[in-house]
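Open the model in your viewer and get ready to select residues.

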Amino acid sequence: MRALYWKEINAFFGNLSGFLILAVFLISIGLMVWVFPDSSVLAYGFADLEPLFVYTPYVFTFLIPATTMKMIAEERKSGTWEILRTSPLGDLAIILAKFLAAFTLVFIAVLPTLVYYYSIVQLGEPVGNIDHAGFFGSWIGLLLIGAVFASIGIFASALTSHQIIAFIWGVFMIFLLYFGLTALVQLQVMSSFALLLEELSLSYHYESMSRGVIEAQNVAYFLSIMILMLGLTVILIRRK
């Protein structure tokens, strides 16, 4: 598993596209947090990083599927998938190694945002006037939502041998689980299922954690979605 894990990490940073993906993420989030007048922290006037936690899932919706789309699809297209499955690793170990690599990339992308935290601490009046527990609770929630998106992206990559189709499937499923279920709640015809749909949506649990409160039910929900997606991926590759 360690060899496969490092293979995925090196494949990401072995070409310019990996660095380009990270650059696009950091630049887009930086513009939203510090520059754009509608979301800028400086224009907001409060020592709070709410724009970071509000807009990052939107960027993750496209960034993470772009990262995971080739993890299985490219293996199948290049013919190395059959070689990989004859290795001593089982199917679950293969999927877990790829998932851990994808989550590591998410962590590397999110880690520089701690600079924003330091900046807000210094800009506070007085210095350090920020809800520290609220920030780190929200930051952990951001890592969890990134891990869930990574598991969905890996499942999408297992559906096809074409990277672009895997990317489209990944974006669609993430959009459905994060934005789509919440949109259905607002429809009058779905009023009888509103509570159920809202509790099934990723955004409902993520927004709960974004308030800085880490509740067991929210963490359990994210872990359940990750286990479900990885389990479905194992079943899918075994059937194929």
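**Stop 1: the largest pocket**

The lining of the largest pocket has ten nonpolar, four polar and five charged residues. Here Ala, Val, Leu, Ile, Met, Phe, Trp, Tyr, Cys and Pro count as nonpolar, Asp, Glu, Lys and Arg as charged, and the others, Gly among them, as polar. This is a predicted model: local features need pLDDT of at least 70, side-chain atom pairs count only at pLDDT 80 or more, and totals for chains, interfaces and linings use all residues. Residues are numbered from 1 along each chain as its sequence is written, and side-chain values use heavy atoms, leaving out hydrogens and water.

**Stop 2: E8**

Select E8 and K7. Their side chains form a salt bridge at 3.7 Å, N to O (a side-chain nitrogen of Lys or Arg within 4 Å of a carboxyl oxygen of Asp or Glu). K7 is partly exposed, at 41%.

**Stop 3: D91**

Move to D91. Is D91 buried or exposed? D91 is buried, at 12% relative accessibility. Select R238 next: the side chains of D91 and R238 meet in a salt bridge of 3.1 Å, N to O. R238 counts as exposed, at 55%.

Note on methods:
Buried < 20%, exposed > 50% of the residue type's maximum accessible area, 1.4 Å probe, protein only.
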